[in-house]
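Here is a friendly briefing to read alongside the model. Please keep the sequence and the 3D view open as you go.

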Amino acid sequence: MDAKRNARLGTAGMVAAFGLLLWMEHRRSLRNPVESKKRRVARNLGVAGVSAVLIHFAERPVSVPLARLVERRRLGLLQHLPLPAWMETLLALLLLDYTLYLWHVLEHRVPALWRLHAVHHVDLDLDASTALRFHFGELAASIPWRAAQILVIGVTPRNLALYQRLLMLSVLFHHSNVRISTRTERWLSRFIMTPRLHGIHHSVEHSEVNSNWSSGLTIWDTLHHTLTPSATRDNVTIGLADYRDPKELTLPKVLEMPFARSTAKRVMQLPVDQNL
Ligand SMILES: [Zn+2]
């Protein structure tokens, strides 16, 4: 199968997963919405559309050639170890997931990155569309980190594509507003990030935001003692305490947010927990 056809199938799979989650959110919602769902989904897709242009013209032209270079020249940690292909893939996925955990922590702790990441956190509700709501500036800032991940770990194009698909599925799932039985969620959250668990990370409570940073496996939060269990927490107030008015969260305003002096001051007031 050629690469283009493979990419098209991958995109179709993601669109289907997004549609399925929206349908499940409609049938079995976890949290009561604050804003109109239609308006929020349209706004979040607007943020995602601008970011998709950035990914197409800036992120992929860096990450794909770098992964090809890693494979051709055998660069990076995993290319220097005598590993069977399945083990190399498994380690690549684990190391990419762990270094994304570290990047997420940095996004909350480095003021310039937090200003960009806050656009994701000011959403007053949390659902599958929030998973697509990352400011183009945040994605641009992550390009050097992604390049370092590929080069240092030694990630080949195939492993990179597999990781990106699994990550997208995981991010769509744990941002979703789908109600799963507490028993199933408690079991799942031992291994992967789940909707209630990630809801805690989007809470207006400062102490809760500084936890549950993992994007894939929960083991990283467990190892760093940053996991707040939440299998029975349904009623989390989502968003940032200083941004409760939907009129302040229109599409032009959230796109402008990281660059606006007045709003920047307000999002900077989030204290961080230093016990990582
Ligand atoms: Zn975050």
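The points below cover the metal site, the helices, the salt bridges and the nonpolar cores.

This is a predicted model, in which local features need pLDDT of at least 70, side-chain atom pairs count only at pLDDT 80 or more, and totals for chains, interfaces and linings use all residues. Residues are numbered from 1 along each chain as its sequence is written, and side-chain values use heavy atoms, with hydrogens and water left out. A zinc ion has five named protein donors, His-104, His-108, His-117, His-121 and His-201, and the salt bridges come to 10.

**The zinc site**

- The zinc ion takes the NE2 atoms of His-104, His-108, His-117, His-121 and His-201 as its protein donors, at 2.1 to 2.2 Å.
- Donors here are N, O and S atoms within 2.8 Å of the metal (3.2 Å for Na, K and Ca), and since water is not among the atoms, sites may look incomplete.
- Along the chain, the donors of the zinc ion follow the spacing H-x3-H-x8-H-x3-H-x79-H.
- Within this set, His-104 in helix H3 (residues 85-109) and His-121 in helix H4 (residues 111-121) link distant parts of the chain, 17 residues apart.
- Helices are DSSP runs of H or I with at least four residues, strands are runs of E with at least two, and both are numbered from the N terminus.
- His-104 is buried, at 7% relative accessible area, and His-121 is buried too, at 0%.
- Buried means under 20% relative accessible area, exposed means over 50%, and partly exposed lies in between (1.4 Å probe, protein chains only).

- The side chain of His-104 reaches the backbone oxygen of Trp-213 at 2.8 Å.
- Leaving aside neighbours within four places in sequence, His-104 is in contact (heavy atoms within 4.5 Å) with His-117, His-121, His-201 and Trp-213.
- Ser-211 sits in the loop between helix H10 (206-209) and helix H11 (219-223), and is buried at 2% relative accessible area.
- Apart from neighbours within four places in sequence, Ser-211 is in contact with Ile-200, His-201, Thr-226 and Thr-228, and His-201 is also one of the zinc donors.

**Helix H2**

- Helix H2 (residues 37-73) has a kink of about 50° at Glu-59, shortly before the proline Pro-61.
- The bend at a residue is the angle between axes fitted to the seven residues ending there and the seven starting there.
- Arg-74 follows H2 and has a positive phi, near 50°.

**Salt bridges**

- A salt bridge is a side-chain nitrogen of Lys or Arg within 4 Å of a carboxyl oxygen of Asp or Glu, and by this rule the count is 10.
- Glu-25 and Lys-37 meet in one of them, at 2.6 Å from N to O.
- That pair links distant parts of the chain, with Glu-25 in helix H1 (residues 3-27) and Lys-37 in helix H2, 12 residues apart.
- Glu-25 is buried at 4% relative accessibility, whereas Lys-37 is partly exposed at 33%.
- Arg-146 and Glu-59 form another salt bridge, at 3.4 Å from N to O.
- Arg-146 lies in helix H6 (residues 143-153) and Glu-59 in helix H2, so this pair ties together parts that are 87 residues apart in sequence.
- Both count as buried, Arg-146 at 15% relative accessibility and Glu-59 at 9%.
- Glu-185 and Arg-196 also pair, at 2.8 Å from N to O, and link helix H8 (residues 182-188) with helix H9 (residues 195-201) across 11 residues.
- Glu-185 and Arg-196 are both buried.
- A network of salt bridges links Glu-25, Lys-37, Arg-40, Asp-123, Asp-125, Asp-127 and Arg-133.

**Nonpolar cores**

- A nonpolar core is a set of buried Ala, Val, Leu, Ile, Met, Phe, Trp, Tyr and Cys residues joined through side-chain atoms within 4.5 Å.
- The largest has 26 residues, and Ile-150, Val-155, Tyr-163 and Leu-172 have the most contacts inside it.
- H1, H2, H3, H6 and helix H7 (157-175) each give two or more residues to this core.
- Beyond its neighbours within four places in sequence, Leu-172 is in contact with residues including Met-14, Phe-18, Leu-21 and Leu-132.
- Another core, of 11 residues, lies apart from the largest one and has Trp-114, Val-119, Leu-124 and Leu-249 among its members.

Key: Polar contact = N/O pair within 3.5 Å; in protein donor to acceptor, adjacent residues only side chain to side chain.
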